[in-house]
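This briefing covers how one chain is built and how a second chain touches it. Look over the sequence and the structure before reading on.

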Amino acid sequence: MLSETFAFGDSAIHRLDPRLRVVFAGLLSILTAILNRFPAVIFAVFLALVLIGASRLPVRQVLARLAVVNGLVLFIWLILPWTFEGTPVVEIGPLVGSWEGIRLCALITLKSNAIILALIALVATMPVATLGYALHHLHLPDKLVYLLLMTYRYIFVIETEYQQLARATRIRCFKPGTNLHTYKTYAYMVGMLFVRASARAQRVHQAMVCRGFSGKFYCLHEFAFKSSDWAWSSAMGISLIVLGGLEWAPIV
Amino acid sequence: MHISEGVLSAPVLAGGAAFAVAGIAVGLKKLDNNRIPQAGILAAAFFVASLVHVPIGPSSMHLILNGIVGLLMGWAAFPVIAVALVLQAILFQFGGITSLGVNTIIMAGPAVLGYYLFTPFIARGHTTAMAGAFACGFTAVLVSALIAAAALMLTGEAFLEVSAALVAAHIVVMIIEGIITMFCVAFLKKVQPSMLSIG
């Protein structure tokens, strides 16, 4: 089932102004993505861990998410060290692992996890509706924000509808396997999901028009920037400067 | 198909983001305010459908469906897919903020391409429509894999083998996506043909 695992909680991060969290998550992610030096990358991981600690999320669930996310990273580890030209360090049969390849893989792994951890701590800790309002206040195009809010509102409804279809196939003894019948069944289920979604969309739109929808959503949510937000934003600003300094300061 | 955070170089990420913003702008321009509920709820359906796992041998794969998204939504596929990726990032952390642009291009680019290349076939007779739908599902995943490979290659030549392996690993996915798209289009043509002409 779909759920917003990390969205609700009571911590310093959960109480921060969502706009500040979105902006800082964006800046930190972009900066981390372009880092190349190990001290800077390790500092980025450290920052992400501090944020996770401050958000007091269940460690086990965070680790479970990271495990899934590291799929492509693992794929890169399986190939890159053996194909990257450089100083050989490991030899397994005909395969020669190069120091440069391993270094690149380690860099990618640390950066990837730092960015995802920061995303979990800063953005996944707010309900998507709040994110929509925050993006609205940050002047993203109206239509995109409406689309996000509308999609978010209905994923849970449509998921229930899919479960209903899946249950109906199970009752009729459908056993998925690698055959054409299985793919045909899934294709029809997906098709039915679209047909029902489209019919639902018409009803929803008519109901919205009845209630005066004129193509515009009104955002009633106001955010307040508190003194604790100022404190956090200065700490965040300093940490970004330190991170930039570790990357671009000349080595002495 | 997602490229993880922290893999691509800054110019590739920036280029991906710029193209994605352009595509989203075109898509939003073509999306009338009154069609937002329709687009939003269909986007929710695509989001849910892409969580469906179908078996291949001892393993399983999740559906991608960007071919059908293209056929149903046209240019609106760009904002719809971007929104779905944002939701995936927040709810499951598949992908993050910096790779959002590149991943939008990987998924939505082929969707729009499929819309232009294969819509004429879908309107024709049964056999032509089926062949067109299969080709649409197959090509969408193929082009996605090629764009992902290109993004990796532009980051560094060291990624040549990783890119090749990525495309090769998706060949079975292409065939299955083609089959699913084919049956799904056949179903929609029988049940709700009007859906296939919106765009």
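Read from the N terminus, chain A runs α-α-α-α-α-β-β-α-α-α-α-α. That order is made up of ten helices and two strands. The model is predicted.

**Overall dimensions and packing of chain A**

- Chain A has a radius of gyration of 23 Å, whereas a compact globule of 252 residues would have one near 18 Å.
- Along the principal axes, the C-alpha atoms of chain A fill a box of roughly 70 × 60 × 30 Å.
- Of the 252 residues of chain A, 36% are counted as buried.
- Among the contacts in chain A with a separation of 6 or more, 76% join residues 24 or more positions apart.

**Contact between chains A and B**

- In this interface, 66 residues of chain A are in contact with 58 residues of chain B.
- On the side of chain B that touches chain A, at least two residues each come from α1 (10-30), α2 (36-49), β1 (53-56), α4 (77-92), α7 (160-169) and α8 (171-191) of chain B.
- The element that gives the most to this side of chain B is α2(B), with 13 residues.
- Sorted by class, the side of chain B that touches chain A has 45 nonpolar, eleven polar and two charged residues.

Notes:
Residues are numbered from 1 along each chain as its sequence is written. Chains are lettered from A and ligands numbered from 1 in the order in which they are written. This is a predicted model: local features need pLDDT of at least 70, side-chain atom pairs count only at pLDDT 80 or more; totals for chains, interfaces and linings use all residues. Helices (H or I, at least four residues) and strands (E, at least two) are DSSP runs, numbered from the N terminus. The radius of gyration is taken over C-alpha atoms; the globule rule is 2.2 Å times the number of residues to the power 0.38. A residue is buried if 20 or more other C-beta atoms lie within 10 Å of its own, exposed if 12 or fewer, and partly exposed in between; C-beta atoms are placed from the backbone. Two residues are in contact if their C-beta atoms, placed from the backbone, lie within 7 Å. Ala, Val, Leu, Ile, Met, Phe, Trp, Tyr, Cys and Pro count as nonpolar, Asp, Glu, Lys and Arg as charged, and the others, Gly among them, as polar.
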